[in-house]
Amino acid sequence: MFRNLFKKKKNDLITRCSAYLESGPPQHMTDYVSGSLTELIIDHGANRKKLAPELLEMASIILDESKSIQKIEDTEIREYLLQGFELVQEILKNQ
C-alpha cells in the first residue's frame, strides 16, 4: 500500500514538472532565462533523473533565493516562480 502511494506521488511530481516546463513563464516576463538551473533541475524531476552533487548544491542555493520572490509585485510572475521553487524543493526531497 505504501509503495503504491509513494509511486503515485512520484508520478504526480513527474506530471507537474512536465506541465511546468511545457507551460513556460508568463509572456510578459521579460527577464526570463531559458535553460536556467531551476529549469534544468525541474527537467531532471520530469525525467526521473537523479541530480548530480553539483546540481544538488545549486538546488539548495536556488531555494535560499526563493525568499526574495515574495517581493515581486506581479502576481502571475511571482506565482510562476514560486511554483518552480516548490517543484525544486520536492525534487530535492525525492533524491
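**Stop 1: the loop at Arg48**

Start by selecting Arg48, which sits in the loop between helix 2 (37-46) and helix 3 (53-65). Helices here are DSSP runs of H or I with at least four residues, strands are runs of E with at least two, and both are numbered from the N terminus. Check the backbone: Arg48 is not a glycine, yet its phi is positive, at about 55 degrees. Its side of the story on solvent is simple, too: Arg48 is exposed, with a relative accessible area of 62%. (Exposed means over 50% relative accessible area, buried means under 20%, and partly exposed is in between, using a 1.4 Å probe and protein chains only.)

Before moving on, some housekeeping. This is a predicted model, in which local features need pLDDT of at least 70 and side-chain atom pairs count only at pLDDT 80 or more, while totals for chains, interfaces and linings use all residues. Residues are numbered from 1 along each chain as its sequence is written, and side-chain values use heavy atoms, with hydrogens and water left out.

**Stop 2: zoom out**

Switch to cartoon and colour by secondary structure. Of the 95 residues, 34% count as buried. For contacts (heavy atoms within 4.5 Å) with a separation of 6 or more, 68% come from residues 24 or more positions apart.

**Stop 3: helix 2**

Now select helix 2. How many of its residues are buried? The count is 7 of 10, so helix 2 is mostly covered by the under-20% criterion. The buried ones are Thr38, Glu39, Ile41, Ile42, His44, Gly45 and Ala46.

Stay on His44, in helix 2. His44 is buried, with a relative accessible area of 13%. Leaving aside residues up to four places away in sequence, His44 touches Lys49, Lys50, Leu51 and Leu55.

**Stop 4: helix 2 against helix 3**

Helix 2 and helix 3 pack with their axes 10 Å apart, at an angle of about 120 degrees. (Axes are lines fitted to C-alpha atoms, for helices over the stretch in contact, and angles run from 0 to 180 degrees between N-to-C directions.) That angle makes helix 2 oblique to helix 3. On this scale, under 35 degrees is roughly parallel, over 145 roughly antiparallel, 65 to 115 roughly perpendicular, and the rest oblique.

Which residues make the contact? Show Leu37, Thr38, Leu40, Ile41 and His44 of helix 2, and Leu55, Met58, Ala59 and Ile62 of helix 3. By class, the contact of helix 2 with helix 3 has 7 nonpolar, 2 polar and no charged residues. (Nonpolar covers Ala, Val, Leu, Ile, Met, Phe, Trp, Tyr, Cys and Pro; charged covers Asp, Glu, Lys and Arg; the others, Gly among them, are polar.)

**Stop 5: helix 2 against helix 4**

The axes of helix 2 and helix 4 come within 9 Å and cross at roughly 50 degrees. That makes helix 2 oblique to helix 4. For the contact, display Thr38, Glu39, Ile41, Ile42 and Gly45 of helix 2 with Tyr80, Gly84, Leu87, Val88 and Ile91 of helix 4. The contact of helix 2 with helix 4 has 6 nonpolar, 3 polar and 1 charged residues.

Gln89 is partly exposed, with a relative accessible area of 46%. Draw a C-alpha to C-alpha distance to Ile41: Gln89 and Ile41 are 10.0 Å apart in space and 48 residues apart in sequence.

**Stop 6: the aromatic pair**

The structure holds 1 aromatic pair. Select Tyr20 and Tyr80: they are stacked, 4.7 Å centre to centre with 10 degrees between the planes. (Rings of Phe, Tyr and Trp, the last by its six-membered ring, pair if their centres lie within 6.5 Å; planes under 30 degrees apart are stacked, over 60 edge-to-face, and the rest tilted.) The pair links distant parts of the chain, with Tyr20 in helix 1 (residues 2-23) and Tyr80 in helix 4 (residues 75-93), 60 residues apart. Buried or exposed? Tyr20 is buried at 3% relative accessible area, and Tyr80 is buried at 8%.

**Last stop: Ser66**

Finish in the loop between helix 3 and helix 4, where you will find Ser66. Ser66 is buried, with a relative accessible area of 17%. Ser66 and Glu86 are 20 residues apart in sequence and 9.2 Å apart in space, C-alpha to C-alpha.
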